[in-house]
Amino acid sequence: MQNVLPAPEKTGLNISTLHWAGFLGIAVLVLVTSGIGLPSVLVVALGVAGMATLVLSWLGIGRLAAGLPERRLYWIAVSWCAPLLVARPLFSGDINSYLAQGLIAAKGFDTYLVGPAEALGADSPVTMAVSHYWRDTPAPYGPAFVALARTIAHVAGDAFVPTVLLHRLLGLIGIVLMAWALPRLARRVGVSPSIALWLALLNPLVLWHVVGGVHNDGLMVGLMVAGLELVLLGAAKTGVARPALIAVGVVAVSAAANIKIVAVAGLLFVGVALFRRATPAGRVAVALGLPAGFAAVTVAISLGSGLGFGWVRVLSGVSGQVHSWMAPTNELGFLVGGVGKVFGADLTDGAIKVFSLIGAILGLAVGARLLWLTYREKLHPLYAAGLTFAAMLVLGPVVQPWYLLWTVALLAVSLTTDRGRWILAVVSAVFGVLLPPANGGAVSLALGYLIAVVLIGGTLFVLKRKGLLPEIRLRKSRT
């Protein structure tokens with residue numbers, strides 16, 4: 001691969017400096033959010049400054065990643081994760097919902113019928129810690145995750161700290177699976193394994209929202225990419241060579257889909273590619289075996305956990321009850337609603353439903369087109385699946401920064417141009433500083449971000465004057 005930037009010795013960049021600058025930024029974030037009593041404006045300012053330091057360090061490492069050994073990137077990942085293991089849950093209160101859902105299931109209630117308020121009581125400390133948006137809603141997750149949350153509840157009860165640590169352990173398992181699968185998938189496409197590890201494993205969104213935020217997306221993505229690697233490893237160019245490996249891979253991806261159903265898209269695209277290149281007998285095996293395997297795993301998890309199939313009923317309804325401000329379809333709805341208010345009409349909910357429906361139709365069309373291109377061997381299945389996840393983010397009714405990890409994991413191993421990788425990196429960087437590290441009023445947030453910009457801008461100015469920041473010149477290149 002041709003480098004898009006000057007050689008390291010000409011840039012003034014040093015991998016160790018970038019590594020430990022990123023570590024320092026994470027340490028600052030963990031410290032100021034630890035509850036040491038700082039005013040909220042300073043928590044935001046210093047926290048965002050720490051976040052930005054990590055993001056800039058990560059981008060700098062990306063300029064050198066192609067020449068770095070994989071073990072060096074693994075070491076950076078371990079050291080960057082370490083401070084976040086003892087951090088308070090960051091950027092989201094979803095861990096409170098995980099705790100509530102685990103307790104509901106542990107008490108024998110149907111988590112797909114009742115919410116925390118009904119099952120645990122409206123005055124329960126656990127219920128009160130859950131966002132008011134979710135206190136009366138059933139669990140939006142598949143039975144694999146609810147069963148894990150229930151097991152954690154049996155171990156930790158309603159104790160918050162042990163619950164956080166055990167859920168973080170699940171996230172770390174997902175990260176380990178990513179660390180194993182990403183370089184292997186990258187080699188299959190002809191992408192540098194080191195670049196794939198930098199772009200996906202070291203991504204700030206993994207640090208902030210899997211380790212720090214304790215989101216179950218980390219385990220879901222880890223199972224998905226590991227399963228896809230096993231499926232591809234078990235398949236030969238002319239048919240099924242090692243069905244046992246394929247079976248294990250299908251189990252892993254199916255388990256991921258039983259955490260969040262979106263993971264099944266990866267299996268669908270890989271299945272289409274395998275079907276295309278298989279012998280007639282192999283096509284029958286793929287067409288029947290992959291769906292049957294997914295169905296068997298889903299039935300086993302749903303019945304074996306005792307949670308049943310209620311999760312299928314709530315797939316389309318629960319998450320969409322809250323209007324995500326990051327979703328483009330919702331933004332259009334808010335815009336129409338704002339215009340309607342001028343004329344005394346309440347159009348927001350109706351407009352959001354209309355645009356969400358339009359988004360769903362367009363999303364299905366995009367997915368179908370990408371599937372066809374995959375079947376025609378115009379697109380690699382991993383790349384097409386990554387684009388499908390991207391379409392879900394653009395056209396779906398619910399968008400959160402950590403959802404970007406779905407597409408990052410697959411595009412990191414399948415993007416074959418530097419320009420594409422850097423576009424994805426810049427989007428990740430923006431999402432990496434989008435959410436503030438602390439709650440506060442509009443004034444505190446605005447002032448905190450302003451102070452952070454001044455701090456980071458001043459630091460960059462000093463580094464530039466000292467000749468430590470090189471000029472960035474991108475040019476087209478291919479892997």
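Student: Where is Val413 found?
Tutor: The model is predicted: local features need pLDDT of at least 70, side-chain atom pairs count only at pLDDT 80 or more, and totals for chains, interfaces and linings use all residues. Residues are numbered from 1 along each chain as its sequence is written, and side-chain values use heavy atoms, leaving out hydrogens and water. Helices (H or I, at least four residues) and strands (E, at least two) are DSSP runs, numbered from the N terminus. Val413 is in the loop between helix H20 (404-411) and helix H21 (418-432).

Student: Is Val413 buried or exposed?
Tutor: Buried means under 20% relative accessible area, exposed over 50%, and partly exposed in between (1.4 Å probe, protein chains only). The relative accessible area of Val413 is 0%, so this residue is buried.

Student: How far apart in space are Val413 and Gln101, C-alpha to C-alpha?
Tutor: In sequence, 312 residues separate Val413 and Gln101. In space, their C-alpha atoms are 34 Å apart.

Student: What separates the centres of domain 1 and domain 2?
Tutor: The bounds come from an automatic or database domain assignment. Domain 1 covers 93-161, and domain 2 covers 323-397. Taken over C-alpha atoms, their centres are separated by 30 Å.

Student: Why does the Trp58 and Trp198 pair count as stacked?
Tutor: Rings of Phe, Tyr and Trp (its six-membered ring) pair if their centres lie within 6.5 Å; planes under 30 degrees apart are stacked, over 60 edge-to-face, the rest tilted. The whole structure has 13 aromatic pairs. For Trp58 and Trp198 the centres are 5.0 Å apart, so the rings pair, and they are stacked because the planes meet at 25°.

Student: Which helices does this tryptophan pair link?
Tutor: Trp58 and Trp198 are 140 residues apart, so the pair links distant parts of the chain. Trp58 is buried at 0% relative accessible area, and Trp198 is buried at 2%. Trp58 lies in helix H3 (residues 40-62), and Trp198 in helix H10 (residues 193-201).

Student: What is the angle between the planes of Tyr98 and Phe145?
Tutor: Tyr98 in helix H5 (residues 94-106) and Phe145 in helix H8 (residues 143-156) are 47 residues apart. Both are buried. The pair is edge-to-face, with 4.8 Å centre to centre and a plane angle of 70°.

Student: Which helix gives the most to the lining of the second largest cavity?
Tutor: Lining residues have an atom within 4 Å of a point. Among them here are Tyr98, Phe145, His167, Leu170 and Gly171. With three residues, the top contributor is helix H9 (residues 160-189).

Student: Which ring does the charged end of Arg276 sit over?
Tutor: The rule needs NZ of Lys or CZ of Arg within 6 Å of the ring centre and within 35 degrees of the ring normal. Arg276 is in helix H14 (residues 264-277) and is partly exposed, at 27% relative accessible area. Its charged end lies 5.0 Å from the centre of the ring of Tyr375.

Note on methods
1 Å grid on protein atoms, 1.4 Å probe; cavity = no way out; pocket = protein on both sides within 12 Å on 5 of 7 lines; lining within 4 Å.
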